[in-house]
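Please look over the structure shown below before reading the report that follows. The text begins with a single residue and then widens to the surroundings of that residue.

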Amino acid sequence: LRMSLTADTGRAVVFTDGRRLGRLWWADELASDPMIRKLGRDAWLDLPGQEQWQAHLARRKAPIKALLLNQTFVCGIGNWIADEVLYHARIAPQRPGATLTSEEIVALRREIKKVIDKAVSVGADEHQYPEDWLFHVRWGGARGPETVSGQTLIRETVGGRTTAWVPGLQK
């Protein structure tokens, strides 16, 4: 537990951060806060358009997985969401952003919307995620199998993060 605020009614807002990656800070005004101003557009509420994605990716040599996790272009995509989106868009996570075709960018944007919409609509209750989601098998060891629909599931580091992907489906 990193923070807990309890109202007079007894209701509380809490912030837990077992991996210690999150940050909290006070801001006098949200719109002028330098930390907030660094963030990109919201992936769920304000996803950048197709032309903006193409322009952004056209000059990027970094892996698409790393670009999705970079909160300065679009914020709100975390590690498992990036894996899920790339799995459904059929894009390999280590592909340089500049190599994505217009069709792949369309698929990427579509899957970002679909995955985040579903996660939000079920209150991030993993038991309500569709059965065909990579989420259910992406962790190794006792938490997940080594195949997905008969295809080999690879777990490796891409863009500095643990990544699960299916080479037989993602190109």
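Leu 47 is buried, since its relative accessible area is 15%; here buried means under 20% relative accessible area, exposed means over 50%, and partly exposed lies in between, judged with a 1.4 Å probe and protein chains only. The model is a predicted one, in which local features need pLDDT of at least 70 and side-chain atom pairs count only at pLDDT 80 or more, while totals for chains, interfaces and linings use all residues. Residues are numbered from 1 along each chain as its sequence is written, and side-chain values use heavy atoms, with hydrogens and water left out.

**Around Leu 47**

Leu 47 sits in the loop between β3 and α2, where helices (H or I, at least four residues) and strands (E, at least two) are DSSP runs numbered from the N terminus. Leaving out residues up to four places away in sequence, Leu 47 touches Arg 41, Asp 42, Trp 53, Val 74, Arg 109 and Ile 112, contact being defined as heavy atoms within 4.5 Å. Leu 47 and Cys 75 are 28 residues apart in sequence, and their C-alpha atoms are 9.1 Å apart in space.

Leu 45, however, counts as exposed because its relative accessibility is 65%.

**The nonpolar cores**

In soluble globular proteins, nonpolar side chains tend to be buried together. A nonpolar core is a set of buried Ala, Val, Leu, Ile, Met, Phe, Trp, Tyr and Cys residues joined through side-chain atoms within 4.5 Å. The largest such core has 29 residues, and those with the most contacts inside it are Trp 53, Ile 64, Leu 68, Ile 77, Leu 108 and Ile 112. Two or more residues are given to this core by each of α2, α3 (64-69), α4 (79-89) and α5 (102-121), and the largest share, seven residues, comes from α5. Ile 112, apart from neighbours within four places in sequence, is in contact with Ala 43, Leu 47, Trp 53, Leu 68, Ile 77 and Val 85. There is also a second, separate core of seven residues, which includes Tyr 87, Leu 134, Val 137 and Leu 153.

**Salt bridges**

A salt bridge is counted when a side-chain nitrogen of Lys or Arg lies within 4 Å of a carboxyl oxygen of Asp or Glu, and by this rule the count comes to eight. Three of them are set out here.

| Asp 83 | Lys 65 | 2.6 Å |

Asp 83 is buried, with a relative accessible area of 1%, and Lys 65 counts as buried at 0% relative accessibility. Glu 111 is buried at 5%, whereas Arg 110 is partly exposed at 42%. Asp 117 and Lys 113 are separated by about one helical turn, because they are four residues apart in helix α5. Asp 117 is partly exposed at 31% relative accessibility, and Lys 113 is partly exposed at 35%. Salt bridges that share partners join Lys 65, Asp 83 and Arg 138 into one network.
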